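Here are my notes on the model you sent over. Have the structure open while you go through them.

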Protein chains: 2
Amino acid sequence: MAKQPTVSDIARLAQVSPSTVSRVLTGSSPVHPAKSAAVLAAIERLNFRPNLTARALARGKSMVIGILTQSMASQFYGELAQGVEEGLSGSSYQCVFASGHWERAAEQAALDLLLARQVDGLIVLGGDHPDADLLAINEQIPLIAVGRLIAGLEDHCLRVENAAGAFQAVQHLIELGHRRIAHVSGIAAHIDARERRRGYEQALTTAGLPVDERLVVEGNFTEQSGLLALEALLARGVHFSAIFAANDQMAYGIRLGLYRRGLRVPEDVSLVGFDDLLGSAYTTPPLTTVRQSMLEQGRYAARGLLNLLADMPPNLPRVATDLVIRESTARVRG
Amino acid sequence: MAKQPTVSDIARLAQVSPSTVSRVLTGSSPVHPAKSAAVLAAIERLNFRPNLTARALARGKSMVIGILTQSMASQFYGELAQGVEEGLSGSSYQCVFASGHWERAAEQAALDLLLARQVDGLIVLGGDHPDADLLAINEQIPLIAVGRLIAGLEDHCLRVENAAGAFQAVQHLIELGHRRIAHVSGIAAHIDARERRRGYEQALTTAGLPVDERLVVEGNFTEQSGLLALEALLARGVHFSAIFAANDQMAYGIRLGLYRRGLRVPEDVSLVGFDDLLGSAYTTPPLTTVRQSMLEQGRYAARGLLNLLADMPPNLPRVATDLVIRESTARVRG
DNA sequence: CTGAAAGCGCTTACAG
DNA sequence: CTGAAAGCGCTTACAG
């Protein structure tokens, strides 16, 4: 393990002072071409790579932005994370991730670590961290949230047109002649879930259809809960010809439940999801769903944070949704 | 933005020297209980959090290990990353991710960044970075690879029983009476792909069945390529009653292709994948596949690196695979 | 354009 | 058990 060369090593080899080496490294002020060349040559020769930790300490800026996510294995958060990464590429900021695993303690620990590492900004992806804490953090370093709403910091929170998206999805089912449309909602504590449910109800009401409590079951956004919700729905014995799920993962579970009961999609039951995960184009049949591009959201969040870092307003757009009609929905039979 | 308190602030408030503050922070040597209590109180009072960047510089150890991954949005890498994260939790190491996006330049940049951030160890997840570079890096900091084999560093590479897993999958099909079994392989440059193909051929040979080149199509591990491979297979006009795909994602694509052609799974064609991604239990029908737990592999890799960091041999186990029989495979039709 | 000096916030011998 | 000092590897005023 040979020691890594430092700025002093380069300075010695190039016969200049460390200050000058630093100047050519950062381009902060002009350096005589000859010296500059000597420095560059020395850097090349010793294969020197500046120690970013030391630089961060000296500058008081780490140039890293922290992403507080919930899970690395989840499709949903993975796409979001990738979007953030893309949005940051080109800037001189790097990102580091820490996962909360949907647990208060782990999320707190993850956040503490990020802060202790002196991140220059923070992007919060979902989670349950208390608003007050987040508000306090925002006093120290700029913060953007995706998939959650922080009271008092609304303009730092990326908002998706959840209700409009859900409305569109249900309207599509109504246009196909469906009258009995069930809804598997997400966790009610989650604002996205509430907004999507509202969109569902509005679409029904707008079409003059009744909102029937018995057609709504609450899930928790997992495949498993979708499967269970379908069972619950079936057990109630109420008739329905279509289901709107509050996210794609639950739609997958519902789809499997339907398959197990011998109900065909879309011949017997039409199914619509929400998210348009990468895999939804490859389910059988390909899933009709409300697309909210997570990649795009990640990019918006990154851009918003970059704005904040440049002392500008975050300027987050409202994220529109698109209904992508694939093959899991069809005209009602009979 | 109030400045963060530092060790000196704590020292002043607790009426001790910075050295003592550091001692109670790290527990590196005994401190008088009274002073210790005063320091703790000051820390609490000022809500002090040690600057890990400064600590890293002072100690010459960052306590972070770098994960060079390919994509954050991929299910496969996501599970692997999560496993690494789990394996590292409990240790005092933290992990930071950088993605190569399956591109040489991006991978190089990601690696450089990790190195410049002074990671204490490196876990390489797949990718194409040249063996020689990796070998050189391993001279500086310990390195473990998953999903790739580095010549000259075999004991630092986590190995999966690919051939045995594939063998088992194909044997299962043979036991169900299938005689014409197609294979959609992965990228031939990839060792996993080659080994799985070998397992496929061995199973056929062992059963006294011929290896028919026309039944093999190469994919690139994506859903899209699975769909295309199926089309190619169908276009060849050779008969087959089962398909073994080199990974689950391609199996998803194949499954969709089959659906489009009106071929039922498993009634008309049996289908087996490899990986057992989280979603594979929720496809319709649920996919029979060879499970290689990515979470487990991530944990093994983390543990191996921790061993290396403690100056012990990596001690990586050979990762066994399990055939998980679900509903996409059935006895061949009379 | 350039070097000497001081400093970023911590830790770790060193000398009591 | 404890404080003063030096140092980690860089950067940035400051004074030429």
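The numbered points below go through the DNA surfaces, the domains, the sheets and the helix pairs.

1. A word on ground rules. This is a predicted model, so local features need pLDDT of at least 70 and side-chain atom pairs count only at pLDDT 80 or more, while totals for chains, interfaces and linings use all residues. Residues are numbered from 1 along each chain as its sequence is written, with chains lettered from A and ligands numbered from 1 in the order in which they are written.

2. Start with DNA strand D. There are 28 residues around DNA strand D, and A:Thr6, A:Ser22, A:Ala58, B:Pro30 and B:His32 come nearest; a residue is near a strand if its C-beta atom, placed from the backbone, lies within 6 Å of it. Helix 2 (18-26) and helix 4 (52-59) of chain A, along with helix 2 (18-26) and helix 4 (52-59) of chain B, are the elements giving two or more residues to this surface. Helices here are DSSP runs of H or I with at least four residues, strands are E runs of at least two, and both are numbered from the N terminus. Helix 2 of chain A has the largest share, six residues.

3. Now DNA strand C. Of the 28 residues around DNA strand C, those that come nearest are A:Pro30, A:His32, B:Thr6, B:Ser22 and B:Ala58. Here the largest share, six residues, comes from helix 2 of chain B.

4. What is the make-up by class of the surface near DNA strand D? It has 12 nonpolar, 12 polar and four charged residues. The surface near DNA strand C divides into 12 nonpolar, 12 polar and four charged. For the classes, Ala, Val, Leu, Ile, Met, Phe, Trp, Tyr, Cys and Pro count as nonpolar, Asp, Glu, Lys and Arg as charged, and the others, Gly among them, as polar.

5. On domains, chain A is divided into domain 1 (7-50), domain 2 (64-160 + 294-319) and domain 3 (162-292); the bounds come from an automatic or database domain assignment. The C-alpha centres of domain 1 and domain 2 of chain A are 36 Å apart.

6. Chain B has an open, parallel sheet of six strands, ordered 2-1-3-4-5-11, where two strands pair if DSSP finds at least two bridges between them. Strand 2 (94-99) and strand 11 (318-319) of chain B are at the edges with a single partner strand each, so one side of each has no neighbour in the sheet. Strand 3 (residues 121-125) and strand 4 (residues 143-146) of chain B pair in the parallel sense over four bridges, and B:Leu122 has B:Leu143 as its bridge partner in strand 4 of chain B.

7. Another open sheet of six strands in chain B runs 7-6-8-9-10-12, with mixed pairing. Strand 7 (216-218) and strand 12 (322-324) of chain B are its edge strands, each pairing on one side only. Strand 10 (residues 288-291) and strand 12 of chain B pair in the antiparallel sense over three bridges, and the bridge partner of B:Thr289 in strand 12 of chain B is B:Val324.

8. Last, a helix pair. In chain B, the axes of helix 10 (residues 223-236) and helix 11 (residues 248-260) come within 6 Å and cross at roughly 45°. Axes are lines fitted to C-alpha atoms, for helices over the stretch in contact, and angles run from 0 to 180 degrees between N-to-C directions.
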